[in-house]
Amino acid sequence: MTVVPTALLTRNMRFRSLGIVEIASTFISGVLGVAAAAMVRAIGRW
Amino acid sequence: MIQMVSLEAISLFLILCITGLPDLAWSASAARRLWSFGSRLMGADLVNYVSGNSDKFLSPGSLERQPLGLYSLAFRVLQLTLAASTQVGRVVLPTFARLQDDRERLARAFLAVTESVSLVVCPAMTLTILLAPIGVPAVFGEAWADAVVPLQLVAAMTMPFVLISNMGPLTVAVGRPDWEFHWSVVTMVATLVSFPVGSSGGS
């Protein structure tokens, strides 16, 4: 899903933007993943 | 699962915030050009995947459990270098591509990148070779002392590996993904032949 948009940013050598996107999305999705795991555990499904 | 899906969705959202929505248009000639270039690159990536993971297919059948563990520990050194070289490749490909019409500057850029990467990797690998006899037992325990020689061999092999690691981005940048594909096939055959020979001859 992100292959082409990432390639477009890379082609334009916008590495700072790429870095910001990767760090921000990794952090936010990590928080969401941990929150989801905690929620599933809290309702006794895991 | 939620983490993976949200990672993709958030990345896409953030990139679109930066670049804006692309224009939707279809061009048959652009698609043909892309296929001609991309199919060779995809072929090279597939072949590289096979040769890069051939040890995982071949080693369980050809190595006992203990040598497999020692090899696995030693191979982590190369994995770390591979991860770093992948990131370098992401940056150097568009840089080389911009210089593709000026071969003199391209050659200088290639040498500068290779020099810089070697300047970091070669001393680190030399230190690994020299310190492994003390470092491995100290960090992992005496039980892993037999991993010293495999670790030294992998560290020694990493240095020439790094020297040629920018050849892929270079050939792609000058519009010759077919060279990259042919080179990948040669290295895959060499890997598939040499691994069983090496493992049967002892580590």
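**Exercise 1.** How many residue pairs are in polar contact across the interface of chain A and chain B?

*Solution.* This is a predicted model, in which local features need pLDDT of at least 70 and side-chain atom pairs count only at pLDDT 80 or more, while totals for chains, interfaces and linings use all residues. Residues are numbered from 1 along each chain as its sequence is written, chains are lettered from A in the order in which they are written, and side-chain values use heavy atoms, with hydrogens and water left out.

Step 1. A polar contact is a pair of N or O atoms within 3.5 Å; within protein, one must be able to donate a hydrogen and the other to accept it, and residues adjacent in sequence count only if both atoms are side-chain atoms.
Step 2. Under this rule, 2 residue pairs are found across the interface, both at pLDDT 80 or more.

**Exercise 2.** Find the elements on the side of chain A that touches chain B.

*Solution.*
Step 1. Two elements of chain A, α1 (3-11) and α2 (15-42), each give two or more residues; helices are DSSP runs (H or I, at least four residues), numbered from the N terminus.
Step 2. α2(A) gives the most, with 14 residues.

**Exercise 3.** Which residues form the salt bridge between the chains?

*Solution.*
Step 1. The definition asks for a side-chain nitrogen of Lys or Arg within 4 Å of a carboxyl oxygen of Asp or Glu.
Step 2. The count between chain A and chain B is 1.
Step 3. R90(B) pairs with E22(A), their closest N and O atoms being 2.8 Å apart.
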